Amino acid sequence: MIRLLGDCIVSPLGFSSRENFNAVKSGQSSIREEDGAVSRIDRSLLSRCFNSTGAISGDYTPLEQAMICAAFHAVKQSGIDASSPRTIFIISTTKGNVELLGETVHPYGPQRIYLWHTARLVSDFFNNPNKPFVVSNACISGSCAQITAKRLMERRLYDYAVVVGGDMLSEFIVSGFQSFQSLSPVRCRPFDAGRKGLNLGEAGAAMVYGRHEENDHMPGLYLTAGAIRNDANHISGPSRTGEGLYLALEEVLEQTGRDSLAFINAHGTATLYNDQMEAVSLSRSGLLAIPVNSLKAYLGHTLGAAGVVESILSLMALNEGIVLPSLGYEIHGVTENINVITQCIPTTGNRFLKMLSGFGGCNAVLLFEKKV
Amino acid sequence: MKKITSYYRLKDNRLTDLYRTLEISYPKFFKMDRLCKAGFLASEMVFRSLGEDPQTPKHDTALVFMNSSSSLDNDMDYQTTILPGNYYPSPALFVYTLANIVTGEVAIRNKIFGETSFYISSGFSAKELIITAEGAFDGKGIRRVLCGWTEYFKDACDVLVMMVEKDAAEGLDFTEKNINQIY
């Protein structure tokens, strides 16, 4: 179990977790249908936000700016010493600065294309002496990075972990998803009968975690358990039986029990197969009564940032005692009778599950909890 | 002490030649990018030396790979399909533009239902391989972890895949020293 000490989301909906949470709560979406139904961060606003950290934005790519910006504010909020050898950085990204492949001339140097180099730039910004860990596990990376933080701290290798997720949209990524025919031309509709695919989104997000001593009953928000499981079925499509996700759910629930679940924050990309697969897994795990939401219609699928962004927003909802509504859902569109929430509702539950699934057949489930 | 019960070191980039010596029929192999082929072949050798049937479902096995260049080798191929004036994005190439697809290919071939994870590091590090593989043993019922360094970039193949087991009587101790020796 590890404790959340600080967090920040950098997205088109705002440059702090609070701004993002308030926007989502009031039903705002950053997906611009006139711009190809994607969610992009305004570059001049981003560099202005970045310059407030005291560094010069021109030295950093937009992805690095978003990651550093988010980490800067999360670290500040947490009050930890990010330059300590007892602090580790864990970076989550799927494609890093891949857009540089398409640019014959750029000012950043040939190493900038490597994910470990991006990670190093982030940890160097904070003068952290440790070599950062980099998780690149497709769309579940953001949850895997948090599980990695938990494992490292439970083994007492570090006292603090700064988890930073980020991906930006380039021609490379957008064209690929287009070629897969998985993009929706309109704002996505998770779990709805009329869903036409996903929207891609840009974000950088960070969470600072602290090591938790046993028998310490400090109030706060905790990552209690996590599991990763593979479908062993297909590299680009989810298993029809939801095998990997079901196994991950069972593994987490066996450790923590099923009581007091306030809600389940699904992956809910709004592709036909993903949403159906999640519904099957939830049904197999006996979780049909628990409120379910997807946050994809607010910010799009933010790839390597998704696990971090959606965990933060869901933690804020848990902390306020509410369940955020799932935007875009009207007519039930999966075979199982899952309980998709469309209005903001109060909850007395003190825990929630976060689910993610990705290419390569991987699935991750996290369980978070509020202690009072 | 956990043991390395089998390992395979692959530096030769003639991957199709190695595939043919295996005398298996797995047509999916020919669709894979070079990183996946390399990781697949090394894993195949490890499972073969352990005398295991790929068709047996494995819930006690996790998979943790690491490399330096992610999927850049294939990313550069995909990039040539989206050039201005010659824009035909290939879904067959795009699917391999993620580092962890190799873990998916190996999981499918060997019916591995445990964790699959992919980490990126600036260079081969026995210490990081141990830390990340140890983490995967946290998974419920995980008795062994197929782990290693799977690097393939610009015709340079640099792969070491190891099976690490919790309760094995025989094998090399899973230590930095031993890993560096077999690398």
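Is the crossing of α3(A) and α4(A) left-handed or right-handed? The crossing of α3(A) and α4(A) is right-handed, meaning that the near helix is turned clockwise from the far one by less than a right angle. This is a predicted model, in which local features need pLDDT of at least 70, side-chain atom pairs count only at pLDDT 80 or more, and totals for chains, interfaces and linings use all residues. Residues are numbered from 1 along each chain as its sequence is written, while chains are lettered from A and ligands numbered from 1 in the order in which they are written.

**Helix α3**
- Helix α3 of chain A covers residues 62–78, where a helix is a DSSP run (H or I, at least four residues) numbered from the N terminus.
- Of the 17 residues in α3(A), 15 are buried (20 or more other C-beta atoms, placed from the backbone, lie within 10 Å of the residue's own).
- Just after α3(A) comes A:Gly79, with a positive phi of about 75 degrees.

**α3 with α4**
- The axes (lines fitted to C-alpha atoms over the stretch in contact, with angles from 0 to 180 degrees between N-to-C directions) of α3(A) and α4(A), residues 115–125, come within 10 Å and cross at roughly 35 degrees.
- Residues of α3(A) including A:Leu63 and A:Met67 meet residues of α4(A) including A:Leu121 and A:Phe125; contact requires C-beta atoms, placed from the backbone, within 7 Å.

**α2 with α3**
- The axes of α2(A), residues 43–51, and α3(A) come within 9 Å and cross at roughly 45 degrees.
- The crossing of α2(A) and α3(A) is left-handed.

Notes: Helices (H or I, at least four residues) and strands (E, at least two) are DSSP runs, numbered from the N terminus. The expected span of a helix is 1.5 Å times one less than its number of residues. A residue is buried if 20 or more other C-beta atoms lie within 10 Å of its own, exposed if 12 or fewer, and partly exposed in between; C-beta atoms are placed from the backbone. Two residues are in contact if their C-beta atoms, placed from the backbone, lie within 7 Å.
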